[in-house]
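Here are some questions and answers on how two chains are arranged and packed. Keep the structure open while you read.

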Protein chains: 6
Amino acid sequence: MPARRDPAHRTLPRPAGPRILLINPNITQAITDRLHEAALAVAGPGTTITALTARRGVPYIASRAEAAIGGVVALEMLAEHGHDADAAIIAAFGDPGLGAARELFAFPVIGMAEAAMLTACMLGRRFSIVSFSTTLGAWYRECVEQHGLSERLAGLRLLDGPFAHITTVGEEKATALVELAHRSVEEDGADVIVLAGAPLAGLAAIVRDRVPVPVVDGVQAALKQAEALAALRPRKAIAGSFRRPAAKQTKGLTAALAATIEHGE
Amino acid sequence: MPARRDPAHRTLPRPAGPRILLINPNITQAITDRLHEAALAVAGPGTTITALTARRGVPYIASRAEAAIGGVVALEMLAEHGHDADAAIIAAFGDPGLGAARELFAFPVIGMAEAAMLTACMLGRRFSIVSFSTTLGAWYRECVEQHGLSERLAGLRLLDGPFAHITTVGEEKATALVELAHRSVEEDGADVIVLAGAPLAGLAAIVRDRVPVPVVDGVQAALKQAEALAALRPRKAIAGSFRRPAAKQTKGLTAALAATIEHGE
Amino acid sequence: MPARRDPAHRTLPRPAGPRILLINPNITQAITDRLHEAALAVAGPGTTITALTARRGVPYIASRAEAAIGGVVALEMLAEHGHDADAAIIAAFGDPGLGAARELFAFPVIGMAEAAMLTACMLGRRFSIVSFSTTLGAWYRECVEQHGLSERLAGLRLLDGPFAHITTVGEEKATALVELAHRSVEEDGADVIVLAGAPLAGLAAIVRDRVPVPVVDGVQAALKQAEALAALRPRKAIAGSFRRPAAKQTKGLTAALAATIEHGE
Amino acid sequence: MPARRDPAHRTLPRPAGPRILLINPNITQAITDRLHEAALAVAGPGTTITALTARRGVPYIASRAEAAIGGVVALEMLAEHGHDADAAIIAAFGDPGLGAARELFAFPVIGMAEAAMLTACMLGRRFSIVSFSTTLGAWYRECVEQHGLSERLAGLRLLDGPFAHITTVGEEKATALVELAHRSVEEDGADVIVLAGAPLAGLAAIVRDRVPVPVVDGVQAALKQAEALAALRPRKAIAGSFRRPAAKQTKGLTAALAATIEHGE
Amino acid sequence: MPARRDPAHRTLPRPAGPRILLINPNITQAITDRLHEAALAVAGPGTTITALTARRGVPYIASRAEAAIGGVVALEMLAEHGHDADAAIIAAFGDPGLGAARELFAFPVIGMAEAAMLTACMLGRRFSIVSFSTTLGAWYRECVEQHGLSERLAGLRLLDGPFAHITTVGEEKATALVELAHRSVEEDGADVIVLAGAPLAGLAAIVRDRVPVPVVDGVQAALKQAEALAALRPRKAIAGSFRRPAAKQTKGLTAALAATIEHGE
Amino acid sequence: MPARRDPAHRTLPRPAGPRILLINPNITQAITDRLHEAALAVAGPGTTITALTARRGVPYIASRAEAAIGGVVALEMLAEHGHDADAAIIAAFGDPGLGAARELFAFPVIGMAEAAMLTACMLGRRFSIVSFSTTLGAWYRECVEQHGLSERLAGLRLLDGPFAHITTVGEEKATALVELAHRSVEEDGADVIVLAGAPLAGLAAIVRDRVPVPVVDGVQAALKQAEALAALRPRKAIAGSFRRPAAKQTKGLTAALAATIEHGE
């Protein structure tokens, strides 16, 4: 059953800070660990973070097809584990399943790319997205377009060529990524750099002083936005396009996701 | 294994017309039947249409969450049944899984919404989308935006209120839909009407003379576009964002989809 | 008198495939021959193609002024020869006279540029236009804008420098055009290449295997779209901005065009 | 031969103010007279205006097809009469042939719609176009889009229904047009009203006090812009997309237009 | 001198939460009090808020001219009081002076409108802005455009007619504003409502249960974003368009603002 | 008190040409002199130009913060000196205070950047802005966006590196600016060059023959537009977003600006 809290309880003082569910929709635990660690580094005093790795899917998401699969996997994970979350983060840069999750669940759902970009918007007029593989380009670009933020994008710069291991690509490529950031500032007019991709979680703090403009770390931005939304306690829409879809029969879905959809609004 | 034909064979004369795979990503066979029948009505002499209904999912798709699920189901179906297709149609109006399918498979994949809108573009400057339920609005609007066609959209008009049965909603609501089409022309400046939604397959021919501008039937437009692309025989991209993603390990996917992704480019 | 078929006849089975009128709005017969040959190579079994060369105008169209003249010439040709066409193609890449023709005539009119671009849209997210002369640039770019497709354009790449003869420029420049296509993919992010310009008709098939993404041939795309629209038999608008303009007096026009305009809706 | 003045002469003091050629691309002399009179009312002390009526075409332009014809007629007129003009105005609201004329001729060419809209931009953030017939809507809207000014358009409001005579429609419909202007301000947020269409020339001065925001008269704005450009004496481009097209053979054009095109750059 | 903290200190644990400077650029203390109170209601445990009222300007800002003045006043206030701020909020809905402040000062500066809109983006696809006076319309609309967020705007709905007092207009008009919110959801497709305007601070919490979608309170969103940015500690740009302008002579400015500009980067 | 002429007087013949107020919102008299001289070179026979230098502010404006200050200074100057102006020019390229001035004053107010860009629009499809310092880039780009003219912008090219003196930077850098203009034409597709920045006033005439497309001088375009608007005598809006704001109390403003705001509509 999807997460729902009795509204009556919402007015009571909460004993502690927000409970944030951090969903990694790929199957690599080491990436989840990086994400978790980077998020903890900026978390508020009372915040609790539960980080989960997908049980099915691919080791990392780098194409439209993998993102489509990751999106449904994210829904499955949120349906199963969202019970008492105050907010959740889908921690893949292209925000797979984000709009769908916002329909289905009562708690705020944060997309790592969206949170990073919106945070970047408050630090300058135009941001550039910098990441470690050209294969990510089309997916990321479509993500920017789908969020309606193309006007704020100065550019998208991606490293070409192979890397040793997906979980340590940030450290391996740090210098090359810093170089891309410099070119984004000088040639593309970027006011802010977004270091994109779950495997780069935590890298921003390391390279911060080597980049001449603010650098946004995706999962850290997402964590702060999750805390912000948890504190603002927005109501779940009961009208408009993000109200819960009407209850509907399902076939062949995971138990928790089926229950969420069959229960309906 | 995904559909691949030996390039050497492509230059030989084909014994017959194109084989089109018509994928209905919802689980309602009666909607598949409607789609199939409407497509057959405009098919070329040698065209073969294979129509398939999803084995898992929901009875019809009307929200972002259902579309996310339907998109993966479409990939599963294409992976399992696309072997000898010359082109395939994803026959749900919001085109779930379309970009992902174009990455994974060597044959052209047509989205019903995209085909309908592009066909409408050749019949006027601005088209309106008319359909039977306000719940479809956000999904359809985002579909138009994601195809970069908002500039061509005159408007989106949807019926409000319940309907008796999803498989016959077109006949039930024909008069009301014609009325919406008239208002789209008069108030929104539509030059063309797109009747949207798989359950309305075949309705355009019935109401054609009661609407003062051309009416596009989604699956019929898709079928003709599938035939067109099959005849043009575009090569599968081996560069750019629609080349096949590199082979990648998977976990927990259907056998055919796993094989497609694990095989890679 | 403009082409009009008795609606009663439309419901009878047609004895053969569609009759497509292929209008070349420049005065060079050799270009018409290239267009005709390329179209025939992809035509369906029953399709009849009538190809016509303009009797007045310029040898090829490469500027706004020449396109303005070519647009009226296209209207004159359609008025004179469109009687029993099921669809017509204006076979110049900038689509001169396209909107005007869609107002005046009852049969579908296909623009070569529009058909190529819409076909390209179904083969990828962003296409690039590649052609043989920088003088074409502004006209082509404005054509893309006027069709509302700028969001889908990855880039426009044109050869610089002279060529030996307009009717064989494709063969002469094939290698250089392939090189431009490669740069469009690598530097501009093109998923599809549109080879633009009537003189390049037929070139796509020749260079197909040397370009790593799908290549669209303008007149072949136009022919398939003409067949598709002929099969869908859209009604002529009697409302909206593509209904026939009201009958109006004329002075100094060709007999057939005058008759078309004076007849009116 | 197209208008060219010896550059050496340009540095000499001019004996009088600018010579403005006012081209009416329709065949109705009474509309030319209205345009001429309205232009004279705001002309500078030394300005000379030569007003010409088309010898071929239609009584007034109200559709894409009529505009296509009017565009070529405008080129013919400019080629024949532009010899010693310091600037020319194409006095039809949709600016038929404007871009083409700017390529072919050395003197500045002003479009009535463009001049009106740009003038309106200096009087507020968003303007509305108000005119006397719904049939003008699509042509006008496409004109705004082609000038890249859609972001500045608050709305387009057009009278529905017949009128007695095209040359006096302004006086006949003055009250209804004022009413549309009021609705444009109140409902669409217009800061400025553009009274569009050659037959409305001179009306703005009459209704000025009955509209609560500035009202722009198309031909008056065009005349002032023509004077402005004549005074600034911009050089004719010899590079970029508005340099004269290379000399090219022609067939079947009017003598003056043929000479212009055959002469080339 | 503008606020600058010794970088060496940044790595030390902070004794308490962030110090947020809340700038009201109008001269009405009662509005500052409302803003302060609403911000406190959602502030984190350690956050310190210093709220300041402008010493010069107008009682409330409702036009471009008043916003221009308010923008400079905001710069003056930030220059004088920003010394030890961790982040600052310019608490007028149109964000007067925001870009300028981000250039001049080393601490993050939050605009109330921008923060509200970006927060709304995470709660739905399209937001509507609802406020209490039509005179605010143009200023707010231009603010949305300047932030590049027009694509996310469902609409702007404003009350017409007078109000009793600017500091209590929210309570006075609560029912009418809720009604506008309902119409925004039903007619404009808003997924989220932004209650705009400093005088409405705190109203969202009161009407929350009467609006069927999430309601964003501007100053509360701004406070949470200020806390988020303070926690992320972005570096001050030393390149790009938000580095500090070079030192420059000034004349006639307030002492603190003059010192800020004369000091330079 | 703001400039207001008795409407009754407007119908009387004016004894002479228009009185144009030329406002330089920076404190450098030598720049005012350049602007004045360049404007005089194209002024009509009866035009009177009064050129004023700001009494407070900075020596030249090159950042958002300086523009914000310059905008208010411009309002102060217009309030003090606009009494009998027929039109006024804010002669800084980014148009500081332009929208605000149009609200407050009854005479037309011209922005130098807007006038230059709109004039350029009549000379080609796309213009490029060329200026002498990269620090101007963000301010100019935002100015283009705020005028809704991004679609017409081919590019923005700025010199890098120091210059000897702001008042003679044009002569010093003439060759380098011409080189940038050439690159704008060749690489960016510019049809027109706008030489931007008050310190470059008068340079266009000097480099005119060395640039292969028309070159627009900002203050000269502004002067001709001011004359044009003065001749058209648009009424002051009494509705819409440019009507004068309602009278409002002020505190701490200059006497003339306070009187203007306190007087109100």
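Contact here means heavy atoms within 4.5 Å. The model is predicted.

Q: Which residue of another chain does E:Gln220 touch, not counting residues up to four places away in sequence?
A: E:Gln220 sits in helix H10 of chain E, residues 218-232. Its contacts include E:Ala38, E:Ala41 and E:Val42. The contact from chain A is A:Leu232.

Q: Is E:Gln220 buried or exposed?
A: Buried means under 20% relative accessible area. E:Gln220 has 11% relative accessibility, so it counts as buried.

Q: What rotation superposes chain A on chain E?
A: Two copies of a chain are related by a rotation about an axis and a shift along it. Here the shift is 0.0 Å and the RMSD is 0.0 Å. The copies are thus related as by a two-fold rotation axis. The rotation is 180°.

Q: In chain A, which residue has the C-alpha nearest the axis?
A: The C-alpha in question lies 3.1 Å from the axis. It belongs to A:Leu118.

Q: Why do the copies meet through the same surface?
A: Compare the interface residues of chain A with those in chain E. The copies meet through the same surface because the share of chain A interface residues that are also interface residues in chain E is 100%.

Q: Which strands of chain A do the buried residues of H6(A) pack against?
A: Seven of the 10 residues of H6(A), residues 137-146, are buried, so this helix is largely enclosed by the rest of the structure. Among the buried ones are A:Trp139, A:Tyr140 and A:Cys143. They pack against helices H3 and H5, and against strands S5 (127-131) and S6 (153-158).

Q: Which residue just after H6(A) takes a positive phi?
A: The phi angle is about 70°. The residue is A:Gly148.

Notes. Residues numbered from 1 in each chain as written. Chains lettered and ligands numbered in written order. Predicted model: local features only at pLDDT ≥ 70, side-chain atom pairs only at ≥ 80, totals over all residues. Heavy atoms only, no water. Least-squares fit on C-alpha atoms with pLDDT ≥ 70 in both. Helix = DSSP H or I, 4+ residues; strand = E, 2+ residues; numbered from the N terminus. Buried < 20%, exposed > 50% of the residue type's maximum accessible area, 1.4 Å probe, protein only.
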